[in-house]
Amino acid sequence: MDIPFNNERAVHEKCAVQIFNDADLACGHVADTIHALIKERNAAGEKTVLGLATGSTPVRLYRELIRRHQEEGLSFKNVITYNLDEYFGLDGDHPESYRRFMQDQLFDHVDILPENTHVPSGTVEREEAFASCQAYEDLIRESGGIDIQILGIGRTGHIGFNEPGSGPESRTRLVTLDSLTLRDAARDFLGKENVPRHAITMGVGTILDARQVFLLAWGEAKSGVIAKAVENQPTDAIPASFLQQHEDCLYCIDEGAASRLTRVRLPWLVGSVRWTAPMIRQAMVWLARRTGKALLKLTDEDYAENGMGELLTEKGPAHKLNIDIFNVTQHTITGWPGGKPNADDSCRPERADPSPKRSLLIAPEPTDDTLSMGGTLQRLVAQGHHVYLNYLTSGNLAVPDPDTRLALDLIIELGQGLEQNEESRHAKKVSDQLEAKGRFGEDTADIRHLKGLIRRGEVRSSARLFGVEADRITFLDLPFYENGRYRRFKTIDADVDKVTAQLQAIQPHQIFTTGMVSDPLSVASIGFQVLLQALARCHGEPWLEDCYIWLFAGSGGEWDTHEIDMAVPLSPNELSEKLQAIYQHQTQRSQSPSLNNNGAKNHWDTAAIINQQTARVYDALGLAEYEAIEGFKRFSL
Ligand code: F6R
């Protein structure tokens, strides 16, 4: 990314931020610092004290530290660790406890002494919590204080479990979790009702006492809160913003998490930029939105008065720029996502030939396609293309237990009175397993299998509404997901083998898949990496030379307007049909909406609101007024 990094950024950013191309590079940087300190302390016979976080964010850092231990002899014998927090009520053996997480992700793989690892106890009696928190603070102090503190950030702006309202003086204590934090944790606990309501956390003041702090963040989902924490005045509404008061704190973030910083989003306001075609489009869409004018109505004064005088001088006058960008945006719109047969396609996003096309839709999880491109899917089918739906994972981890019980009861009841009813006998067995597992237990293989089947049923029922032929639906059930839990997935060769085989069998002319992949541990991101490896294996095959790859933003989001290469309009009817298809995914009704989409109560609503918002932006730019629009970015290998 071409990011201007000059002094003027300080006007907006109130603490040090380094943007890395990806999470691995950022983790490498932090691991270098930790490595150097441990080496120096080890050589002097001294201890190193690390403050550690859990969650998906630091996993790659821990993997890198483990690698350095195994391959470069980095020893943790003299390292003492203090974790930020623990769920109240969970003992260290619970699969979602932070103690368990740390054992699995780091401690069990390095030579750290067990007595040197500290995680607040989640099982102290409530009356003893205060004393236990004080004792934790005392221990940190007795160890000489924390040398390096690692932090993630929650979408509420929390660090540790210091939710909005936590001040800079706060210390280790028992807290209540914010409702958004509960929703974010619901996936890990297989249901919001299973998430503990309280936690023990170090305070903001405890964190600020550390000598050096690294806050890590990956992915677009964190971009809004990062911009607020870094650019706004410190406030207890965003506890991470108090890190601005720390003398040695560095935000190490990837491009996704940086995408809402002023220097990235509006670089022309921060310094000189290279006016490439994408940059001009980005700036002009912003200018039109800021002035509330259609693209074709922007004047020389609008440019000059809004920090875009340089663009005007270089590429102006206004009316020329206006018409150029109007045309570019206009040409993104097409009702023919598979290309319009027998039409001039020189200004269309997709080519006319061949027609019909083999259109392959690769959804990481079973609802991704319907939520993100249900309208486009209807059009592809209606326009006669051969649409193949491929689901990388079964999505069984996202099926709530009550829905599973409903299915089991049905099977059992249906089998009553019938002779030799194997299905119903099996259902009884699974039903007993469900009973036995209780609130915090692990799903057995049988339960996961059944949950996967429930989602298959939902997919078939929504695909039926779209008119996709049943034999063109493939459930790949990739092993990385079937054998894993959220945040702990690891891909293997068999994942890539399965996707490669599909690609080679279908030989698609176009592939649609999600591109919202900057959270490296998300299913979408892992699925995308697997797809890229599979495509690499197909390198040189003739079909691939002629295959267009279209990325949808993924559930809960949409590309910024200037990024959209293909905008597929939806009529009111098409939008309501898309919603009908979404409603077939009954088990997903209580998934949380994304934070940035006001008014949505669940992610079903979110899909419609996002598509309508995109249409409104196109309309405001002076293009045609549609009910809704689905946006895609073209991806080149
Ligand atoms: C973890 C912690 C939290 C997380 C934050 C981000 O110990 O205290 O503040 O860092 O919730 O979570 P992830 O990394 O899962 O997005």
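**Close-up views of a predicted model**

**View A. Arg-171 is partly exposed, at a relative accessible area of 33%.** Partly exposed lies between buried (under 20% relative accessible area) and exposed (over 50%), computed with a 1.4 Å probe and protein chains only. The model is predicted: local features need pLDDT of at least 70 and side-chain atom pairs count only at pLDDT 80 or more, whereas totals for chains, interfaces and linings use all residues. Residues are numbered from 1 along each chain as its sequence is written, and side-chain values use heavy atoms, with hydrogens and water left out. Arg-171 and Asp-209 join their side chains in a salt bridge, at 2.8 Å from N to O. This bridge links distant parts of the chain, 38 residues apart: Arg-171 lies in the loop between strand E6 (148-151) and strand E7 (173-176), and Asp-209 in the loop between helix H7 (204-208) and strand E9 (212-217). A salt bridge is defined here as a side-chain nitrogen of Lys or Arg within 4 Å of a carboxyl oxygen of Asp or Glu. Helices (H or I, at least four residues) and strands (E, at least two) are DSSP runs, numbered from the N terminus.

**View B. Glu-72 and Arg-67 form a salt bridge, with their closest N and O atoms 3.0 Å apart.** Glu-72 is partly exposed at 42% relative accessible area, and Arg-67 is also partly exposed, at 27%. The whole structure holds 38 salt bridges. Another of them joins the side chains of Arg-100 and Asp-108, at 3.8 Å from N to O. In that pair, Arg-100 has a relative accessible area of 23% and Asp-108 one of 46%.

**View C. Seven strands form an open sheet with mixed pairing, in the order E13-E12-E11-E14-E15-E17-E16.** Its edge strands, E13 (473-475) and E16 (566-570), each pair on one side only. From one strand to the next, the twist averages 25°. Helix H20 (residues 493-506) packs on the sheet and touches E11 (358-363), E12 (386-391), E13 and E14; the directions of H20 and E11 make about 165°. Contact means heavy atoms within 4.5 Å, and angles, from 0 to 180 degrees, are taken between N-to-C directions of lines fitted to C-alpha atoms, for helices over the stretch in contact. Strands E14 (residues 510-514) and E15 (residues 548-552) run parallel and are joined by five bridges; two strands pair if DSSP finds at least two bridges between them. Phe-512 stands opposite Trp-550 in E15. Helix H23 (residues 572-583) lies across E16 and E17 (628-635), at about 95° to E16.

**View D. Strand E6 is covered on both faces.** Ile-148 and Ile-150 are buried on one side, and Gln-149 and Leu-151 on the other. In a regular strand the side chains alternate between the two faces of the sheet. Strand E2 (residues 48-52) pairs with E6 in the parallel sense over two bridges, and Gly-51 stands opposite Gln-149 in E6. Strands E6 and E9 also run parallel, joined by four bridges, and Ile-150 stands opposite Phe-214 in E9.

**View E. Helix H8 (residues 223-231) is mostly covered, with seven of its nine residues buried.** The buried residues of H8 are Ser-223, Val-225, Ile-226, Ala-227, Ala-229, Val-230 and Glu-231.
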